[in-house]
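Reader: I have just opened this one and would like to be walked through it. Could we take it piece by piece?

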Amino acid sequence: MSRLENFREMSVAEFFAKYREVAGFSNPARALYQTIRELVENSLDATDGHGILPEIRIFIEKVNSSNEKSLCRVTVEDNGIGVPPTVMPEAFGKVLFSSKYVIRQTRGMYGIGVKAAVLYGQVTTGSYVEVISSTKGSSYIYMKRLYIDMKRNEPVIVEEAQWRKPGLWHGTRVSLAIECDWPRAKSRVLEYVKRTAIIAPYADIILQTPEEEIIYFPRTTRKMPKPPRESKPHPHGIDVETLKQMLTNTKAKTMLEFMEAEFQSVGKITALKFLETIGLKHNMRPKKLLKDSNGAILARIVDSMRLFKFKPPRSDYLSPLGKELIKIGLTRMYSPEWVDAITRPARVYQGHPFIVEVGLAYGGSIPSLEEPILLRYANKIPLIYEEREDVSYKVLKDINWKNYEINMPAPIVVLVHVASTKIPYRGVGKESISDVPELEQEIRACILELARRLRRYLSYKEREAEAMRKVVVLAKYIPEISRSLKIISKSPDEWKPLEPNEEKDIVDALIKLIANYIEVSKLITGKSSVEDMIRDIISEVKIS
Amino acid sequence: MTHVNIDKVDVDARRRAANIMRESILPILRDISKLKPPKLVIPKRTLSNTIFDPEKGILVLGEEVLERNLLDIGETRRFMQTLLMASIIYQALIENEYPTIRDLYYRGKHTIIYKDLTRRHKEENTWDEQSESDSALRDLEVMTGLLREEMLILSKEKGKVVGDMRIKSGPDVIDLSKLGHGAYAIESTPDLIEFLDVNAEFVLVVEKDAVFQQLHRIGFWKQYKCILITGAGQPDRATRRFVRRLNEELNLPVYILTDSDPYGWNIYSVFKVGSITLSYESERLATPKAKFLGVSMTDIFGDKNKKPYISESERKNFIIKAKERDIKRAKELMNYSWFQTEKWRRELQLFLEKKVKLEIEALTGKGLKFLAHQYIPEKIQTKDWID
């Protein structure tokens with residue numbers, strides 16, 4: 001049955017003033033892009049994160065406004081697991097309340113995004129957010145309109161309702177009005193949706209623009225990546241803040257229990273050894289550490305954890321797309337002549353497991369440009385801004401395509417997906433990934449390997465084309481050669497001028513002969529045999 | 001198809017050529033039916049494969065051959081052209097036609113319309129220029145060993161002959177001594193001529209048509225019992241073949257009279273050893289025993305034991321300054337082994353030293369009688385020629 005997210009309350013308040021900038025709501029254009037992004041990513045997490053084939057509807061409508069502000073209403077609907085009515089107010093109306101503050105690979109982090117959108121909407125338009133949702137097993141559909149009491153950081157419900165659910169529908173529909181700048185946001189929004197469709201070809205996505213244009217990306221596959229599993233943090237990957245949270249929430253009575261229960265890759269012997277190393281008693285009460293006012297002890301514990309040799313972190317809770325999905329996604333968008341992808345085994349940087357996946361597509365509807373088109377993704381989120389600061393761009397620009405027999409400009413798309421429990425973003429804007437050496441190395445290895453495969457394909461294609469050119473050259477002369485030979489084959493004593501088609505036996509023998517000596521693979525000839533192909537060419541040869 | 005006036009000589013020649021042609025192409029057909037890639041084996045017509053055979057005294061083709069494989073797409077077009085030319089000639093032989101090389105060009109010039117890999121319509125001519133069809137014909141000549149004359153291919157008639165001699169050409173008997181002021185044009189197929197009887201002691205070939213006419217009108221051939229011939233400049237193949245037959249079949253010595261310059265010497269060389277670019281014909285066209293009668297440099301300037309035919313004052317008026325390309329040509333001639341005899345070396349050295357040339361007309365300027373009754377007979381009598 002339905003698995004509900006494990007919602008937990010967190011104790012940090014008053015975030016928005018600071019968050020408005022860093023969360024990407026700095027101006028009306030960026031705010032619109034960010035709002036759509038937060039809602040769509042929540043919708044995807046609520047669907048593919050739970051094994052549901054996503055159906056996502058995005059509506060952007062102009063709202064009449066009394067003053068000069070340009071307003072629009074953004075509505076995003078999904079067929080996800082739904083939000084239970086009891087947690088609905090806090091999920092949408094309390095900053096830093098989130099199901100996501102556990103170590104798991106999800107699209108959003110910290111659970112701030114959607115509430116930042118809610119706050120932004122209520123600050124710029126004075127309106128409420130409307131949430132309609134139903135969970136999978138529920139018999140009811142619930143609706144709540146609410147806003148956030150900014151002083152108390154509490155949701156305030158303005159209106160609520162519930163209906164008996166007539167069918168089996170489940171999912172969430174969130175609708176809010178915000179100040180926006182559609183003309184300036186349009187290209188980014190469209191690019192975002194397009195790139196989402198590439199990486200999630202199993203999703204059915206409809207976008208309706210304020211011009212009432214419908215942009216539809218139908219589902220092209222029912223194959224989905226396996227949903228990510230939750231996991232406990234690895235000792236190498238935590239900071240002081242996280243440790244504090246863990247100590248606050250733990251039910252463990254002793255430090256030994258705490259180490260064993262709250263971390264992955266830590267057994268009893270390892271825990272005892274570690275506690276001994278840092279001089280903590282194994283039966284010490286964890287909460288006692290919270291009384292350490294200046295945090296010096298906590299910082300020492302975190303530092304020691306980084307240095308201590310634990311078992312490497314597990315990676316099986318990462319959710320890569322897999323090379324098949326990447327190929328499907330690139331194919332659906334570009335119909336490339338050639339496409340391939342690589343999913344690397346998991347690796348670790350600074351205690352965080354990560355997986356790099358790269359897809360490379362060539363030809364088809366890809367435009368020929370001086371640089372390959374780079375599609376960046378982090379935990380399945382498209383990264384649109386700050387391309388040139390990204391580690392993938394850095395790797396890509398150093399690649400000499402000439403070494404792979406490709407002369408730029410060329411029609412190439414490179415897709416890079418980094419999946420990790422902690423993406424090393426360059427800035428708080430989360431639009432680019434910094435050049436962590438382990439990551440850079442993996443990305444480079446993938447791109448180079450794919451470039452080598454592309455070169456193999458291209459040189460194979462070149463050989464095929466050469467063979468085909470040869471076939472055409474030979475085929476066009478066959479009628480003339482056959483006629484000439486037939487004339488000479490007739491002895492002077494029984495001479496008669498040549499009848500039409502009399503040379504057919506020589507034509508047939510020549511076709512067989514050429515087919516025997518020229519290898520043309522099925523790649524180019526399609527279904528027909530080489531003989532048929534030659535015959536086709538000859539049938540179109542006319543002599544005048 | 002007409003059988004009128006086709007005599008036996010003609011019919012036999014056709015039959016022989018057609019059979020040789022067919023036999024040389026049939027292996028291609030056999031290969032194809034065995035699904036073996038067919039190839040034409042053709043002796044190379046390159047300069048590097050042109051050899052002077054000192055024993056025969058002529059230029060011949062060497063051993064080098066080129067293989068024109070159907071499946072080698074760099075050669076496929078020429079493979080097709082060669083077979084196309086073979087079929088046209090073969091059919092013409094059987095159907096008793098006499099095509100010219102221009103006819104062959106037009107008969108074989110077809111447009112091939114086809115679609116390329118991108119499905120675009122393309123057009124290509126079997127050959128564009130006559131140089132291509134001519135080249136295919138030459139390939140066939142070396143491949144089959146048949147000269148175009150033997151394949152009954154006609155070309156423009158250029159050479160002329162007069163003399164006390166009767167020949168049979170087709171059904172007609174022609175008396176070469178009864179042509180008035182005119183002359184007999186040497187036909188394109190000199191092998192079909194039958195020599196009936198001859199009353200002559202030598203053959204005189206003059207480079208220039210004008211000199212031929214003058215000598216004819218003055219009755220030179222009657223008085224000195226010779227067959228008088230001109231190739232009118234560079235001789236065509238028929239003239240060369242005709243001269244060769246006179247020498248070979250009737251044992252008549254052949255003397256050649258040209259301008260005293262590298263161009264004239266080269267004409268002599270073509271008659272004697274063959275042409276460098278078309279050496280495959282020499283076997284049947286060259287006359288290795290032909291002698292260079294004049295005009296030689298020593299005729300102009302004299303030598304140790306020889307008085308010049310022209311006085312010093314005449315020389316001033318008659319000689320012309322050699323041009324740069326004459327010098328260049330003379331130096332080339334010096335490289336050819338058949339010009340490396342003592343006498344020729346002396347001639348060429350003298351030329352390069354004096355850097356002057358003399359046209360044969362200059363001697364008639366001294367008086368036609370001087371040329372006809374003094375210069376030529378005296379040179380022959382005193383054996384003052386170069387062999």
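Author: What follows is a walk through the two chains, and please keep in mind throughout that this is a predicted model.

Reader: Let's start with chain A. What is the order of the strands in its open sheet of eight strands, and what is the pairing?

Author: Going across the open sheet of eight strands in chain A, the order is E5-E4-E3-E6-E2-E1-E7-E8, and the pairing is mixed. Strand E5 (154-164) and strand E8 (214-217) of chain A have a single partner strand each, so they stand at the edges and one side of each is left without a neighbour in the sheet. On average, and with direction ignored, neighbouring strands of this sheet are turned by 15° against each other.

Reader: How many bridges join E1 to E7 in chain A, and do they run parallel or antiparallel?

Author: Strand E1 (residues 55-63) and strand E7 (residues 204-208) of chain A run parallel and are joined by five bridges. If you want a pair of residues to look at there, A:Ile56 stands opposite A:Ile205 in E7(A).

Reader: And which strands does helix H4 of chain A lie across?

Author: Helix H4 (residues 113-125) of chain A lies across strand E2 (71-78), strand E3 (129-134), strand E4 (140-149) and strand E6 (171-179), and its angle to E6(A) is about 40°. H5(A), for its part, lies across E1, E2, E7 and E8 of chain A, and runs at about 170° to E7(A).

Reader: Moving along chain A, which residues of H10 are buried?

Author: Helix H10 of chain A covers residues 323-334, that is 12 residues, and from its first C-alpha to its last it reaches 16 Å, close to the 16 Å expected at 1.5 Å a residue. The buried residues in H10(A) are A:Leu325, A:Ile326, A:Lys327, A:Ile328, A:Gly329, A:Leu330, A:Met333 and A:Tyr334.

Reader: What do those buried residues of H10(A) pack against?

Author: They pack against helix H5 (182-199) of chain A, and also against strand E9 (338-343), strand E11 (352-362) and strand E14 (412-420) of that chain.

Reader: Now the two chains together: how many residues of each are in contact?

Author: On the side of chain A there are 30 residues in contact with 31 residues of chain B. In chain A, the elements giving two or more residues to the side that touches chain B are H12, helix H13 (504-517) and strand E15 (542-543). H12(A) supplies the largest share of that side, with 15 residues.

Reader: How do H12(A) and H1(B) cross?

Author: The axes of helix H12 (residues 437-489) of chain A and helix H1 (residues 8-33) of chain B come within 9 Å and cross at roughly 125°, and the two helices are therefore oblique to each other. The crossing in which H12(A) passes H1(B) is left-handed. As for the residues that meet, A:Leu485, A:Ile488 and A:Ser489 come from H12(A), while B:Arg22, B:Ile25, B:Ile28 and B:Leu29 come from H1(B).

Reader: What share of the residues in chain B is buried?

Author: Of the 387 residues in chain B, 41% are buried. Chain B has 15 helices and 17 strands. Among its contacts with a separation of 6 or more, 71% are between residues 24 or more positions apart.

Reader: Which three strands form an open sheet in chain B?

Author: The order of that open sheet in chain B is E9-E8-E11, with antiparallel pairing. Strand E9 (172-175) and strand E11 (194-198) of chain B stand at the edges with a single partner strand each, so one side of each is left without a neighbour in the sheet. From one strand to the next the twist averages 20°. Four bridges join strand E8 (residues 165-169) of chain B to E11(B), and the bridge partner of B:Lys168 in E11(B) is B:Glu194.

Reader: Last topic: is B:Ala232 buried or partly exposed?

Author: B:Ala232 counts as partly exposed, because it has 16 C-beta neighbours inside 10 Å. Its phi is positive, about 50°, although B:Ala232 is not a glycine, and its place is the loop between strand E13 (226-230) and helix H7 (237-250) of chain B.

Reader: And where is B:Lys383?

Author: B:Lys383 is in the segment after helix H15 (368-381) of chain B. Its phi is near 50°, again a positive value in a residue other than glycine, and B:Lys383 is exposed, with 8 other C-beta atoms within 10 Å.

How values were computed: Residues numbered from 1 in each chain as written. Chains lettered and ligands numbered in written order. Predicted model: local features only at pLDDT ≥ 70, side-chain atom pairs only at ≥ 80, totals over all residues. Expected span 1.5 Å × (residues − 1). Buried ≥ 20, exposed ≤ 12 C-beta atoms within 10 Å, placed from the backbone. Contact = placed C-beta atoms within 7 Å. Pairing = 2+ DSSP bridges. Axes fitted to C-alpha atoms, helices over the stretch in contact; angles between N-to-C directions. Parallel < 35°, antiparallel > 145°, perpendicular 65-115°, else oblique. Left-handed = near helix turned anticlockwise from the far one by under 90°.
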